[in-house]
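Here is a short note to read beside the model. Please keep the structure open and look up each residue as it comes.

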Amino acid sequence: MIVGELKPVEEIVAKVKGYSRILVVGCGGCVTVCQTGGAREAETMAHLLGMALRDLHVSLDWTCVARQCEFELLEELKPRLASFDAILSLACGVGVQAVAEFFPSSPVIPGLNTTFMGMPVRHGRFEERCQACGDCILDLTAGICPVARCSKSLLNGPCGGSQNGKCEISAEVECAWHLIYERLERLGRLDNLERLVLPKNWAKSRDGGPRRMVREGLVPDGEE
Amino acid sequence: MARSKLERILQSGSFAVTAEVGPPKSCNAAFVRKKGNLLRGYADAFNVTDNQTAIVRMSSIAAGIVLQQEGLEPVIQMTCRDRNRIALQSDVLGVAALGIPNILCLTGDHQSFGNHPEAKNVFDLDSIQLIHTVRTMRDEGRFICGEEMKVRPDVFIGCVENPFADPFPFRVTRLKKKIEAGAQFVQTQCVLEMERFRRFMEMVCEQGLHERAAVLAGVMPIKSARMARYMQKNVAGMMVADDICERLEKAQDVQEEAINIVVEQIAQIREIPGVRGIHIMAVAWEEVVPEIVRRAGLYPRPVTEIE
C-alpha cells in the first residue's frame, strides 16, 4: 500500500490562505487504511481548518471518494465543484494529480506527504518495503529488498557499517543485509551472497523518467 | 614494472606502510602540502580521503595532485555515495591521466553523518561493482556499457574491509568478492580488538585470500580515553577492546600511552600470518605518524628501483 502522512495543520493553513470556499476530499484507498487521509480524517481536517480560518470567513466542507486515483471515481465530485474555489486532497500524490488532471480549472492542494510504499508492521506503525525499482530481485535476497531497505541500496551484501544487526545510520534501523543473511542461512542459500551482482539497470527505475505500463488485452482495440 | 610504488613495495615482499591524509574543509592547498611534508618518508603511499564521514572537503583527486606535486604517492579514495557510474568512470580516467597510480574503492559513509544530511545520495554502484568497473577499464579497456577506450587507466586497485562489522563470517566472503572483482590490496578498519582481527586473518588465510591480495591492517592512535570510549560505544562498525580504554584512562601521559599502544599493536600485527603492511589512520593527529613508524621499526622506508 501507499503510505501517507498528514502535513502539519499550520502548513496546510498557509497553503489554503487566499481561498474562501474549500472542499476537503478524502480517499477511500490506501490512506484510509493508514488512517491519514480517509473520510474520518477529511471531516476532522474540515473542522480544524474551519476553526483556524474562522476570522477569514472561509467556508469548508468535506467528502470522500472510493479512490482518487481513478478518473471515473472522481465523476461524483463534478456537480459540487461550482460551489468551491479550491480542493484540499488528502490522497497520495497520485490521487492529488488525478484530481488536478480531471478538474483542469480547480486549484488542488495536497494535504498529505506521500511517504512510501510499505505496510503496517504493527498497529499504527508503517515501514517501507518497495521502491518500485522496476526489476525485482527478491528471489536472490530471500524476500527482503535491499534497494528499499538498505540505506545505501547496496546489491552485494552489507557495508562495513553493519553491526549487531543494525544499520550505521541509527540503532533504530535494522540492517536489511543482516536480515537477508540470516534468512539465506536458514534457507541454506548463503551461496547467493558469493555471487558478484553487476551494476543494476536503474533505467527501469525512476531514473529512466516517468514510467508507463501497458497491460496487454486491456487496451481497447485500435489504441496504443 | 608497476607504476605504483606501493605495488612495487608489496611485490618486493617488504612490509608496507600507508598513512591517511584528510583534505581540509577549504581550498587551502598549503595545508595539504604541510600535512604531506610532515609525513614525507614515513609511508610508502598516502590515502586521500573522499569527503570522509560525508563532510564536504577538498576533492580527493585535487588534494592527491597537491601531494603528488610534493613528490608523495597518493592513493585516491573513491566512494559510491556522491557520484554515479558516469562520474566515477570519468574520475578514474582523470586519476590515471594525472599519473596517480592507486585507487581505493569504498562504499562511503551515509550522508546522514555529515554536514549535509539533506543531500540526495547516489549509490548507483556499490564498492564491489566499482572495483569491478576499474578492473574492467584497466584490463579490458572497456566501460560498464561495453564501449572501448583507447588508453586504459593503469592503476593499482585497492579496497577496504571491516573485520569488526557483522555478520562476521560474511566479512571474509565480502573480501573474497572484492578480490574476485579486482582488488589487489586491502586496507582494514582500525584494529582495536586484536582477537577478532586474528580470527579474521585465520579465515582469510584458510581461503588463501592473503595470496591473492595484500592485506594492510588499519591502525589508529587514539588521543584520549574519552575518544576511545566514544568509539567503543557509538561508532558503527568499530570495536575497541576494554584494555585499550583502561590503559588510556589510567595513563599519566595519555598521548605517550596512545603511541605505546599503537606500537605494540603493530608488533602484534606483524606476527599475524597473512598481513603484509599497515595503514595508519591518525585522524587529526597526523604529526604523530613519524614517531609511530620509527618506534615500530619501520623507518626508513624501502627505496624502490624506479626512484
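1. Start with burial. A residue is buried if 20 or more other C-beta atoms lie within 10 Å of its own, exposed if 12 or fewer, and partly exposed in between, with the C-beta atoms placed from the backbone. Helices (H or I, at least four residues) and strands (E, at least two) are DSSP runs, numbered from the N terminus. Now turn to helix H10 of chain B, residues 242-250, where B:Ile244, B:Cys245 and B:Leu248 are buried. Down the axis of H10(B), these buried residues fall within an arc of 100°, so they line one face of the helix. That arc is taken over the directions from the helix axis to the C-beta atoms. Turned away from this side are the exposed residues B:Asp242, B:Asp243, B:Glu246 and B:Lys250.

2. A word on the source. This is a predicted model: local features need pLDDT of at least 70, side-chain atom pairs count only at pLDDT 80 or more, and totals for chains, interfaces and linings use all residues. Residues are numbered from 1 along each chain as its sequence is written, while chains are lettered from A and ligands numbered from 1 in the order in which they are written.

3. What do the buried residues of H10(B) pack against? They pack against helix H9 (225-234) and helix H11 (254-270) of chain B. Contact here has a cut-off: the C-beta atoms of two residues, placed from the backbone, lie within 7 Å.

4. Chain B as a whole has twelve helices and eight strands. Of the 307 residues of chain B, 52% count as buried.

5. Chain A gives another picture. Its secondary structure comes to seven helices and nine strands. The radius of gyration of chain A is 22 Å, well over the 17 Å from the globule rule for 224 residues, so chain A is more spread out than a compact globule. Of its 224 residues, 34% count as buried.

6. Chain A is assigned domain 1 (2-116) and domain 2 (134-206). Such bounds come from an automatic or database domain assignment. The C-alpha centres of the two domains lie 38 Å apart.

7. Next, the cores. A nonpolar core is a set of buried Ala, Val, Leu, Ile, Met, Phe, Trp, Tyr and Cys residues joined through C-beta atoms within 7 Å. The largest has 108 residues, and B:Phe46 is among those with the most contacts inside it. A second, separate core of 34 residues includes A:Leu23, A:Val31, A:Leu90 and A:Cys92.

8. Look at A:Val108, in strand S5 (residues 108-110) of chain A. Why does A:Val108 count as buried? Because A:Val108 has 20 C-beta neighbours inside 10 Å. Beyond four places in sequence, its contacts are A:Ile87, A:Ser89, A:Val96, A:Val99 and A:Ala100.

9. Last, the interface. Chain B brings 27 residues to the contact and chain A brings 25 residues. On the side of chain B that touches chain A, helix H5 (127-139) and helix H6 (168-181) of chain B each give two or more residues. H6(B) gives the most, with six residues.

Terms used
The radius of gyration is taken over C-alpha atoms; the globule rule is 2.2 Å times the number of residues to the power 0.38.
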